[in-house]
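I opened a new notebook page for this structure. My notes follow in the order in which I looked things up.

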Amino acid sequence: MTEELFSRDAYLRSCEATVVEVREDGVVLDRTVFYPRGGGQPGDSGVLRWDGGESRVTDTTKSRDDGSLVHSIDDVSPAPPVGAAVIAEIDWDRRYQHMRTHTALHALSGVVYSDFGAKVTGGNMESGGTARMDFELDTISQEFGREVEDRLNARLADDVPVQVHFLPRSEALADPDLIRTKVSLIPESVDPIRVIDIVGIDKQADGGTHVAASGEVGEVHVVKTESKGRANKRIRIQLERP
Ligand SMILES: [Zn+2]
């Protein structure tokens, strides 16, 4: 298992680590700041540096077999030797954009639920500050999109703190906000449960990396609203500031 430093501090850009394993699909470290693809958030890219070499990390994933984090190396870089001390450094600008986009999506889900009563059915984010979220809505219109955009931006501009909590599983399962966001579906072995609380806007169990205050997201545009079927309507957003 890899120690996941981003889980407690999303603002760490680099760390010292030791190479535990080099496999066909990449490099495993004892600890890392690289976020593995998941929960709609892309995996981090960056670089591993050691005495005598450097490898370019193109993606990070979590192994289904043993839960370790695998840093995928590009075709031309050498892999560091097992046991090597490395500096692991993420592409910060790309990651910070993912953090802002991820927080924007959670806030969007909070606003659509609190103001319109609709639950989330799915979501995903891309690099470039673009993301989509699907809602249990019977109808959707451009006017609705504009209304959501206004409300979302007003709430984000309040610059509320975004807190990371580790709640005992029993406590998380009793929290109404977390029940609504289906915390019970998280495997029973997970305890404590990591929770992201955009104070007063949205609270849900989540493994992703977020900004520390909602104001860091900046303005968000609703760029498209579309129907993806009955009781499934999609909202696409784009961050104003890249
Ligand atoms: Zn999330």
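Predicted model: local features only at pLDDT ≥ 70, side-chain atom pairs only at ≥ 80, totals over all residues.

Residues are numbered from 1 along each chain as its sequence is written, and side-chain values use heavy atoms, with hydrogens and water left out.

**Entry: Asp75.** I looked up Asp75 and found it in the loop between β7 (69–73) and β8 (85–90). Is Asp75 buried or exposed? I set the cut-offs: buried is under 20% relative accessible area, exposed over 50%, partly exposed in between (1.4 Å probe, protein chains only). Asp75 is exposed, because its relative accessible area is 82%. I also checked Asp75 against Ser55: they are 20 residues apart in sequence and 9.6 Å apart in space, C-alpha to C-alpha.

**Entry: Ser68.** Ser68 sits in the loop between β6 (53–62) and β7. Ser68 has a relative accessibility of 3%, so it counts as buried. For polar contacts I took pairs of N or O atoms within 3.5 Å; within protein, one must be able to donate a hydrogen and the other to accept it, and residues adjacent in sequence count only if both atoms are side-chain atoms. The side chains of Ser68 and Arg23 make such a contact, at 2.9 Å. I then listed plain contacts (heavy atoms within 4.5 Å). Leaving out residues up to four places away in sequence, Ser68 touches several residues, among them Thr2, Val28 and Thr61.

**Entry: the zinc ion.** Which protein residues are donors of the zinc ion? I counted as donors N, O and S atoms within 2.8 Å of the metal (3.2 Å for Na, K and Ca); water is not among the atoms, so sites may look incomplete. The protein donors are His102 (NE2), His106 (NE2) and Asp206 (OD), at 2.0 to 2.1 Å from the zinc ion. Their spacing in sequence reads H-x3-H-x99-D. His102 belongs to helix α1 (residues 92–116) and Asp206 to the loop between β13 (202–205) and β14 (220–227), so the pair ties together parts that are 104 residues apart in sequence. Both His102 and Asp206 are buried.

**Entry: α1.** I stayed with this helix. Of the 25 residues of α1, 18 are buried, so I wrote "mostly covered". Gly117 follows α1 and has a positive phi, near 70 degrees.

**Entry: Asp175.** I found Asp175 in the loop between α3 (169–173) and α4 (176–180). Asp175 is buried, because its relative accessible area is 14%. Its side chain makes a polar contact of 2.8 Å with the side chain of Lys203.

**Entry: backbone checks.** Asp191 and Pro192 are joined by a cis peptide bond, with omega about 5 degrees. Pro192 lies in the loop between α4 and β12 (193–198). Lys182 lies in the loop between α4 and β12 too. Lys182 is not a glycine, yet its phi is positive, near 65 degrees. At 43% relative accessibility, Lys182 is partly exposed.

**Entry: the whole chain.** I finished with the protein chain, which has 4 helices and 15 strands. Of its 242 residues, 48% count as buried. Its C-alpha atoms fill a box of roughly 60 × 40 × 35 Å, taken along the principal axes.

Definitions and conventions
Helix = DSSP H or I, 4+ residues; strand = E, 2+ residues; numbered from the N terminus.
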